[in-house]
Amino acid sequence: MATNGENGRHQEVGRKSLLQSDALYQYILETSVYPREPEPMKELREITAKHPWNLMTTSADEGQFLSMLIKLINAKNTMEIGVFTGYSLLATAMALPDDDKILAMDINRENYEIGLPVIEKAGLAHKIEFKEGPALPVLDQMIEDGKYHGSYDFIFVDADKDNYLNYHKRLIDLVKVGGLIGYDNSLWNGSVVAPPDAPLRKYVRYYRDFVLELNKALAADPRIEIGQLPVGDGITLCRRIS
């Protein structure tokens, strides 16, 4: 939840914003995001704030953006790789028509079950097919089956950054022409422009090269159009064109 901490620094859940001004980020949240945030999403955001790894959650402004995006493209069949407690999953479920579906995959069902009661109370659990475990074997099986090619309108990836390129190699076959894939954390705490000797947290430094590799590969992929946005920790949208 939004509070002002020491020295006036904003303490949003996960503090995922590339804006240098905490006051400006606070303004965006309090003016455009929180007044329109559905009650179930607010409840889940506040529950997730108590989790020791709340940094992993999707920021509220990004959740709002994803919800509008799904409505704009009239998505019906969606996939999410990396669920955590389910904030972005809930945003998607609330944006989809009642009879549409989300295939949600995560290696940790325990975290998903933190948010599941909120999803159930909102009457949205029937839209979600949750699979626990690594996503790559599931994707490989879907491609082998053949019937899932070009069947997804929207896919959101917020999982292990060292596998993002492996996901992309498979997801490009599963998303329809004209459909979107969103890769979260594509600006990775701003570390993508940090000098080699910059003092970075260990996990930021470890995954930075994988994020850089992804960004380079997406920019060169002729099968997609891309747009990289400084929302949250950076999100790259890929529209399949062939």
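Reader: How many residues apart are Tyr206 and Phe210 in helix α8?
Author: Residues are numbered from 1 along each chain as its sequence is written, and side-chain values use heavy atoms, with hydrogens and water left out. This is a predicted model, where local features need pLDDT of at least 70 and side-chain atom pairs count only at pLDDT 80 or more, while totals for chains, interfaces and linings use all residues. Helices (DSSP runs of H or I, at least four residues) and strands (runs of E, at least two) are numbered from the N terminus. Both Tyr206 and Phe210 sit in helix α8, and about one turn of the helix separates them, that is, four residues.

Reader: How many aromatic pairs does a search of the whole structure find?
Author: Rings of Phe, Tyr and Trp (its six-membered ring) pair if their centres lie within 6.5 Å; planes under 30 degrees apart count as stacked, over 60 as edge-to-face and the rest as tilted. With that rule, the number of pairs found in the whole structure is seven.

Reader: What kind of aromatic pair do Trp188 and Tyr207 form?
Author: The ring centres of Trp188 and Tyr207 are 6.1 Å apart.

Reader: Where in the chain do the two partners, Trp188 and Tyr207, lie?
Author: This pair links distant parts of the chain, 19 residues apart. Trp188 is in the loop between β5 (175–184) and α8 (202–220), and Tyr207 is in helix α8.

Reader: Is Trp188 buried or exposed?
Author: Buried means under 20% relative accessible area, exposed over 50%, and partly exposed in between (1.4 Å probe, protein chains only). Trp188 has a relative accessibility of 6%, so Trp188 is buried.

Reader: What is the angle between the planes of Tyr206 and Phe210?
Author: These two rings form a tilted pair, with centres 5.8 Å apart. The angle between their planes is 55°.

Reader: Which residues do ring pairs link into a cluster?
Author: Tyr206 is partly exposed at 48%, and Phe210 is partly exposed at 27%. Both belong to the cluster linked by ring pairs, whose members are Trp188, Tyr203, Tyr206, Tyr207 and Phe210.

Reader: How many salt bridges does a search of the whole structure find?
Author: A salt bridge is a side-chain nitrogen of Lys or Arg within 4 Å of a carboxyl oxygen of Asp or Glu. One example joins Glu129 and Lys131 at 3.4 Å, N to O. In the whole structure, the search finds nine.

Reader: Which strands hold Lys176 and Asp153?
Author: The closest N and O atoms of the Lys176–Asp153 salt bridge are 2.9 Å apart. The pair ties together parts that are 23 residues apart in sequence, because Lys176 lies in strand β5 and Asp153 in strand β4.

Reader: Is Asp153 buried or exposed?
Author: Lys176 is partly exposed, at 32% relative accessibility. Asp153 has a relative accessible area of 10%, so Asp153 is buried.

Reader: How many residues apart in sequence are the parts tied together by Glu225 and Arg239?
Author: Glu225 forms a salt bridge with Arg239, with 3.1 Å between the closest N and O atoms. Glu225 lies in strand β6 (residues 224–229) and Arg239 in strand β7 (residues 235–240), so the separation in sequence is 14 residues.

Reader: Which helix holds Leu24?
Author: Leu24 is partly exposed, with a relative accessible area of 42%. Leu24 lies within residues 22–33, which form helix α1.
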